Amino acid sequence: MSNSSLKLPPPLGYRKDIPLYYPKTEAEIKADNYEIYNPNVLRSCRNFYEGNYGKVLLEEVSKYLPTGNDQNIVELGCGSGYLLGNIARNNPDFRCFGFDYSYQMLKMAAQVFRNKKLGNSAIQALQNGMADMEIPNQNLSNIEFALSDACMTPLPDQSVDFCFSCFLWDRVADPNKLLEEKLRVLKPQGRIMIISPFNYLGSEGWKTWYPIDKIISKIEDRGLKIIHRRNFNIEEMLDLRRNRVVWEVESLVFEKY
Ligand SMILES: C[S@@+](CC[C@H](N)C(=O)[O-])C[C@H]1O[C@@H](n2cnc3c(N)ncnc32)[C@H](O)[C@@H]1O
């Protein structure tokens with residue numbers, strides 16, 4: 001597959017260096033737990049660098065990346081950017097775009113992966129006995145982070161070769177809208193990947209989307225073929241004593257034909 005270079009349209013505005021594609025109000029920012037820097041952004045960031053959470057997810061996603069140069073890779077709900085950042089670093093010919101709804105998450109992602117002043121980002125100690133942590137900054141030119149609702153991105157139709165999300169599906173208000181957006185932006189022969197514990201917060205999610213076969217048949221009905229399904233456990237470390245949450249995760253990859 002060969003690509004013309006994908007460029008995002010002009011944003012509505014910027015906050016610091018982060019392009020904004022959603023006019024998030026003060027009330028929406030206040031209501032969003034993922035905007036709370038300490039502990040929530042730090043905790044999410046720490047997940048990636050401590051223990052095997054980040055490593056396991058990166059290995060899983062990397063196996064299904066497209067081959068060939070010059071691919072357009074999109075992560076929806078990229079959080080603090082570890083997965084997409086490492087994909088961009090490992091594949092300098094890819095163009096990578098990370099979207100998230102939290103400015104604070106994106107600020108962390110940009111600080112680590114797009115920082116022109118190379119140095120270390122200090123991730124301060126959380127509660128629970130964890131020590132301070134230093135993350136070496138990287139100055140990557142093939143990655144962009146932007147604030148957008150994952151269900152309404154500024155991406156053109158059929159512009160993306162690989163669109164993935166991790167731990168997002170069960171956190172959006174309507175997974176159907178997320179799916180429609182992934183299908184809209186995907187190119188022919190492109191792939192979508194969904195990694196999630198499918199741990200819906202409300203009964204509607206369970207009624208509509210459980211068991212996971214419902215998701216698979218809905219996506220296959222839209223002209224994609226499932227090429228990979230795997231179930232595995234992943235641990236989120238809570239404190240220095242290794243108290244932890246174990247997530248039962250499913251990884252699904254579909255190809256458009
Ligand atoms: C549970 S965290 C997962 C972060 C990261 N992908 C991971 O695997 O650790 C969910 C992320 O999705 C983002 N998010 C939630 N709803 C969103 C939406 N509608 N559009 C874009 N991002 C969203 C949150 O801001 C947060 O960064």
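Trainee: In which strand does I194 lie?

Mentor: I194 belongs to strand β9, which covers residues 186-196. Strands (E, at least two residues) and helices (H or I, at least four residues) are DSSP runs, numbered from the N terminus. This is a predicted model, in which local features need pLDDT of at least 70 and side-chain atom pairs count only at pLDDT 80 or more, while totals for chains, interfaces and linings use all residues. Residues are numbered from 1 along each chain as its sequence is written, and side-chain values use heavy atoms, leaving out hydrogens and water.

Trainee: Is I194 buried or exposed?

Mentor: A residue is called buried under 20% relative accessible area, exposed over 50%, and partly exposed in between (1.4 Å probe, protein chains only). I194 has a relative accessible area of 0%, so it is buried.

Trainee: How far apart in space are A125 and D174?

Mentor: They are 34 Å apart, C-alpha to C-alpha, and 49 residues apart in sequence. A125 sits in the loop between β5 (120-123) and β6. A relative accessible area of 34% is why A125 is described as partly exposed.

Trainee: How many residues of helix α5 are buried?

Mentor: Nine of the eleven residues of α5 (residues 103-113) are buried, and the helix is thus mostly covered. Among the buried residues are Y103, M105, L106, A109 and F113.

Trainee: What should I look for in the backbone?

Mentor: Most residues other than glycine have a negative phi, and most peptide bonds are trans. In this model, the peptide bond from N38 to P39 is cis, with omega near 15°, and P39 is placed in helix α2, residues 37-49. The bond from Y210 to P211 is also cis, with omega near 0°; P211 is in the loop between α7 (203-209) and α8 (213-221).

Trainee: What is the phi of D70, and what is that of Q158?

Mentor: For D70, phi is near 60°, a positive value in a residue other than glycine. D70 is in the loop between α3 (53-62) and β3 (72-76), and is partly exposed because its relative accessible area is 30%. For Q158, phi is near 45°, again positive in a residue other than glycine. Q158 is in the loop between β7 and β8 (160-166), and its relative accessible area of 47% makes it partly exposed.

Trainee: Which side chain is joined to that of N137 by a polar contact?

Mentor: A polar contact is a pair of N or O atoms within 3.5 Å; within protein, one must be able to donate a hydrogen and the other to accept it, and residues adjacent in sequence count only if both atoms are side-chain atoms. The side chain of N137 makes such a contact, of 3.1 Å, with the side chain of N115. N137 is found in the loop between β6 (133-136) and β7 (143-147) and is buried because its relative accessible area is 11%.

Trainee: How many residues surround the ligand?

Mentor: A residue is near a molecule if one of its heavy atoms lies within 4 Å of it. Here 17 residues surround the ligand, the closest being Y53, G77, D100, A150 and C166. This shell divides into ten nonpolar, four polar and three charged residues. In this scheme Ala, Val, Leu, Ile, Met, Phe, Trp, Tyr, Cys and Pro are nonpolar, Asp, Glu, Lys and Arg are charged, and the others, Gly among them, are polar.
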